Each structure stands twice: as structure tokens, then as C-alpha cells.
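Here is a brief report on one protein model.

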Amino acid sequence: NSPCCCVGFQHFLCYICKEYVEDLAKVPERLLQEANVTLIVIGQSSYHHIEPFCKLTGYSHEIYVDPEREIYKRLGMKRGEEIASSGQSPHVKSNLLSGSLRSLWRAVTGPLFDFQGDPAQQGGTLIVGPGNNIHFMHRDRNRLDHKPINSVLQLVGVPHVNFTSRPSVIHV
């Protein structure tokens, strides 16, 4: 089983990206190791935001930053919002108003007052490896267009993960 990486490009301040990464944090390390997969998040802010973002989301897998968005540009990640029906993401829990207000509050009360990158920059998801081979690529068309995590994990042989915080019902 050759090693591969699932790479997600996120905006650290966006509440939608934050909630997506909160769910990425729930992927058990054991399942990733068994499938020989490394989970990586790349944000577009300064490295100063990595530690607070990881504390906020509980994310403990690999994380890097690309403040100049060079990787985003090379991979053709979109800038701006494309009006497209993306459906309801299973990873977004907040509504527009409450999520936006919390994002703004984090921006103005954080240790460094900034908006942590270009808010119009869209991210995406890649499956890379071994080597430089890209096996899958999804470029987000808008903030709600994240690829569902389980659909990406399935492509690399990681079993389904339950992301709901609700206890599951067991029928006897």
C-alpha cells in the first residue's frame, strides 16, 4: 500500500472552513495509519495562526501555511464565489449570520488583528502520492462547495467516519 496524502486548502478565519477542519480533526489517526494516508491542511494565513487554529478546531494532523497563495495559484484554485448549487454540506453546522459574526469576532479579538488571507480565495481537496502524482482534485467553486470528507477518505481506503456529535442509535 503506497503512501498518499489527502490535502485540504482552507481559510483559517472562515467559519465554514473552521467547521470542516473540526470534522477533519475527528478522523482517527489509527484509520489513517492503517490506510497509509497522511492528512494535511494548508491555510493561506501567517504561521502565527496555526497554533490558535489547531486549538480552536482540535486539529492535530499536519498543517502548513501558504500566505502568498502560491500553491493555490499553481493548482488553479478559484478566487471569488461562483454561484452554483452546492447543496448542504454535512460539515457546516452554523448559519450564515452566527458563523459570520463568530468569524469577525475571532478576527478582531485574535492576537494579530487580520483577516488571515484573502476571503475571496477558494480552496480545494487533493489526493497526492506516492510521489507527485495527483489522483484526485476538487476545486471549491464557493465557500459551501467543500468535498464531503467521507467521499475523499473512501477514495484512499479509509473507512466511513461518523462526524455527528449526536450519539448513534443502536437497534437491538
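H61 sits in the loop between α3 and β3. Helices (H or I, at least four residues) and strands (E, at least two) are DSSP runs, numbered from the N terminus. The model is predicted: local features need pLDDT of at least 70 and side-chain atom pairs count only at pLDDT 80 or more, while totals for chains, interfaces and linings use all residues. Residues are numbered from 1 along each chain as its sequence is written, and side-chain values use heavy atoms, with hydrogens and water left out.

**Around H61**

Is H61 buried or exposed? H61 is buried, because its relative accessible area is 10%; buried means under 20%, exposed over 50%, partly exposed in between (1.4 Å probe, protein chains only). Contact means heavy atoms within 4.5 Å. Neighbours within four places in sequence aside, H61 is in contact with L24, A25, V27, E29, L32 and L39. H61 and I40 are 21 residues apart in sequence, yet their C-alpha atoms are 6.5 Å apart in space.

| Partner of the H61 side chain | Distance |
|---|---|
| E29, side chain | 3.0 Å |

**Cores**

A nonpolar core is a set of buried Ala, Val, Leu, Ile, Met, Phe, Trp, Tyr and Cys residues joined through side-chain atoms within 4.5 Å. The largest has 24 residues, and L24, Y59 and V158 touch the most other members. The elements giving two or more residues to this core are α1 (15–24), α2 (29–34), β2 (37–43), α3 (50–57) and α6 (149–155). A second, separate core of 9 residues includes I40, I42, M77 and V128.

Beyond four places in sequence, Y59 is in contact with V21, L24, A25, L39, I40, V41 and C54. Helix α1 is mostly covered, with 9 of its 10 residues buried. Among them are K18, E19 and D23.

**Strands and confidence**

β2 pairs with β3 (residues 62–65) in the parallel sense over 4 bridges; pairing requires at least two DSSP bridges. G43 has V65 in β3 as its bridge partner.

pLDDT is the predictor's confidence in each residue, from 0 to 100. The protein averages 79, and 70% of the residues score at least 70. Confidence is lowest in helix α5 (residues 96–109), at a mean of 58, and highest in α2, at 94.

Definitions and conventions: A polar contact is a pair of N or O atoms within 3.5 Å; within protein, one must be able to donate a hydrogen and the other to accept it, and residues adjacent in sequence count only if both atoms are side-chain atoms.
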